[in-house]
Amino acid sequence: MPILTTLRRSRATTIMILCATLGLVGTAGAFGACGDAGNDADRASAANTDSGSAPIVRTPTYGYEIVATYPHDPKAFTQGLLWHQGRFFESTGQVKESSIREVELASGRAIRKSDLEEPYFGEGIVIIGDEMFQVTWENGKAFTYDWKTFTRQKTFSYDGEGWGLTTDGSSIIMSNGSNTLIYRDPATFKAVKAVTVTDKGVPVSQLNELEWVKGEIWANVWQSEQIARIDPATGNVLGWIDLTGILPTIDRTGKEDVLNGIGYDAEKDRIFVTGKYWSKLFEIRITPKS
Ligand SMILES: [Ca+2]
């Protein structure tokens, strides 16, 4: 197992120990990695602890239907998915395995690929104008490429970790493993705004891969199979999409890592999800869930 992955897991273990110490295991939302992040009953309960006799208003939870299943490169440690002008792009992580690639949906094959050299650990990608931006996990560097040629152009520095990227059409929106999303100016990569993400007032941490979907920010929560639907204006979680078990047991070899990757094809209104080292990529439809 790569050292960096081990470090990430170690950090998760620390968080879990912290959660247990604080008695928060099973109380979703206080930390994204504490227990089952999809347990909306616990979340509602936690949110109403101080509300006396106020009625419990649960954050809606949605399910999914699989519309189509496609092959996905099981050697791709997926960190970002996005559609742009009818084309499908993916970024991958791990030192020596990091890349950006254009992927043929039907086959999962990389049509074009540009590897990221050591010591960089690639994370999320986003396209704004002519540029594709790629952040790195702990390297504090972001790179830009001409998205049509994958020619690398600029390098920016930033503080903290880089996890996921998306855009509202003007700003870069970046996650960093916390419950804060940072808006950045694409011309300078400087932070211009921060949005704190909460569910009924409870911080939702470990926000990872991002996608802008019809005016909402969708974020999958690291180490869970839950996607938070976030109101960009307030940071409030509007709903949860429960993707538990989306990769069937028969498709698991034991080498898979967590669910990560949301891509939205706005032109055809299609939602795609996958995971790190998963052999399948799914187009899904969101369904009501009681
Ligand atoms: Ca995405």
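Q: How many helices and strands does the protein chain have?
A: The protein chain has 2 helices and 22 strands. Both are DSSP runs numbered from the N terminus, with helices (H or I) of at least four residues and strands (E) of at least two.

Q: What should I know about the model and the numbering?
A: This is a predicted model, in which local features need pLDDT of at least 70, side-chain atom pairs count only at pLDDT 80 or more, and totals for chains, interfaces and linings use all residues. Residues are numbered from 1 along each chain as its sequence is written.

Q: What share of the residues counts as buried?
A: Of the 290 residues of the protein chain, 42% count as buried. A residue is buried if 20 or more other C-beta atoms, placed from the backbone, lie within 10 Å of its own; it is exposed if 12 or fewer do, and partly exposed in between.

Q: On to the sheet: what is the strand order?
A: The order is E16-E17-E18-E19-E1-E22-E21-E20 in an open sheet of 8 strands with mixed pairing. Two strands pair if DSSP finds at least two bridges between them.

Q: Which strands are at the edges?
A: Strand E16 (207-213) and strand E20 (259-265) are the edge strands, and each pairs on one side only.

Q: How do E18 and E19 run, parallel or antiparallel?
A: Strand E18 (residues 226-230) and strand E19 (residues 237-242) run antiparallel and are joined by 5 bridges. Gln226 stands opposite Asp242 in E19.

Q: Changing topic, which peptide bond is cis?
A: The bond from Glu118 to Pro119 is cis, with omega near 5 degrees. Pro119 lies in the loop between strand E5 (110-115) and strand E6 (122-128).

Q: Why point that out?
A: Because most peptide bonds are trans, and most residues other than glycine have a negative phi.

Q: What is phi at Phe189?
A: Phi of Phe189 is near 65 degrees, a positive value in a residue other than glycine. Phe189 is located in the loop between strand E12 (180-184) and strand E13 (191-196).

Q: And why does Phe189 count as partly exposed?
A: Phe189 counts as partly exposed because it has 19 C-beta neighbours inside 10 Å.

Q: Where is Lys214 found, and what is its phi?
A: Lys214 is in the loop between E16 and strand E17 (216-221). Its phi is positive, at about 45 degrees, although Lys214 is not a glycine.

Q: Is Lys214 buried or exposed?
A: Lys214 counts as exposed, because it has 9 C-beta neighbours inside 10 Å.
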